[in-house]
Amino acid sequence: MKDITKQEWKELTANDENAVIIDVRTADEVAEGMIPNALHHDIFKPQELMAALEKMDKSKNYYIYCRSGGRSGQACQIMNQMGFETTYNLLGGFGEWDGDTA
């Protein structure tokens with residue numbers, strides 16, 4: 001896992017053909033908007049999250065975010081323990097995000 005700033009996030013995702021963006025916030029938080037092309041898997045629904053992660057390609061590059069960076073950090077750690085090679089945690093989360101939203 002690597003913690004990255006929103007600027008690093010924008011630069012990395014813009015040039016990464018293997019990027020997968022995951023939003024681990026609650027449905028209520030997602031209703032406020034989300035980063036474009038993100039998959040939504042609520043970390044507070046662990047069975048659903050784990051089932052989704054089991055189906056993902058562990059060799060891709062995963063960019064994870066939540067509201068402030070705490071839950072996404074936990075998600076990155078879980079994913080690394082499951083064998084995911086590359087995970088990035090958005091420092092400050094969606095609360096600090098100033099890029100495009102969907």
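1. Which side chain does a polar contact of 2.7 Å join to that of Arg-25? The partner is Asp-23, whose side chain lies at that distance from the side chain of Arg-25, where a polar contact is a pair of N or O atoms within 3.5 Å, one of which, within protein, must be able to donate a hydrogen and the other to accept it, residues adjacent in sequence counting only if both atoms are side-chain atoms. The points below start with the basis of the model and the whole chain, and then return to Arg-25.

2. The structure is a predicted model, in which local features need pLDDT of at least 70 and side-chain atom pairs count only at pLDDT 80 or more, while totals for chains, interfaces and linings use all residues. Residues are numbered from 1 along each chain as its sequence is written, and side-chain values use heavy atoms, with hydrogens and water left out.

3. Along the principal axes, the C-alpha atoms fill a box of roughly 30 × 30 × 20 Å.

4. Of the 102 residues of the protein chain, 42% count as buried, which is to say under 20% relative accessible area, whereas exposed is over 50% and partly exposed lies in between (1.4 Å probe, protein chains only). Among the contacts (heavy atoms within 4.5 Å) with a separation of 6 or more, 67% come from residues 24 or more positions apart.

5. Arg-25 lies in the loop between strand 2 (19–23) and helix 2 (27–30), and at 1% relative accessibility Arg-25 counts as buried. Besides the contact with Asp-23, a polar atom of the side chain of Arg-25 lies 2.6 Å from the backbone oxygen of Gly-33. Not counting residues up to four places away in sequence, Arg-25 touches a set of residues that includes Met-34, Asp-42, Tyr-65, Cys-66 and Phe-94.

6. Tyr-65 is found in strand 4 (residues 61–65) and, at 0% relative accessibility, counts as buried. The side chain of Tyr-65 makes a polar contact of 2.8 Å with the side chain of Asp-23, a residue that also has a side-chain polar contact with Arg-25. When residues up to four places away in sequence are left out, the residues that Tyr-65 touches include Trp-9, Ile-21, Arg-25, Ala-38, Ser-72 and Leu-90.

7. How many disulfides does the rule give? The count comes to 0, a disulfide being a pair of cysteine sulfur atoms within 2.5 Å. The sulfur of Cys-66 is 9.3 Å from the closest cysteine sulfur, that of Cys-76, which is too far for a bond. At 0% relative accessibility Cys-66 counts as buried, and Cys-76, also at 0%, counts as buried.

8. In helix 3 (residues 46–54), the residues Leu-49, Ala-52 and Leu-53 are buried. They cover an arc of only 100° around the axis, which puts them on the same side of helix 3, the arc being that of the directions from the helix axis to the C-beta atoms. An α-helix has 3.6 residues a turn, so residues three or four places apart point the same way. On the other side of helix 3, Gln-47 and Glu-54 are exposed, while the cover over the buried residues of this helix includes strand 2 and helix 4 (70–81).

9. Gly-73 has its place in helix 4 and counts as buried at 9% relative accessibility. Leaving aside neighbours within four places in sequence, Gly-73 is in contact with Met-1 and Asn-89; Asn-89 is 16 residues from Gly-73 in sequence and 5.7 Å from it in space, C-alpha to C-alpha.

10. Asn-37, in the loop between helix 2 and strand 3 (39–40), has a positive phi of about 70° although it is not a glycine. Most residues other than glycine have a negative phi. At 72% relative accessibility, Asn-37 counts as exposed.

Note on methods. Helices (H or I, at least four residues) and strands (E, at least two) are DSSP runs, numbered from the N terminus.
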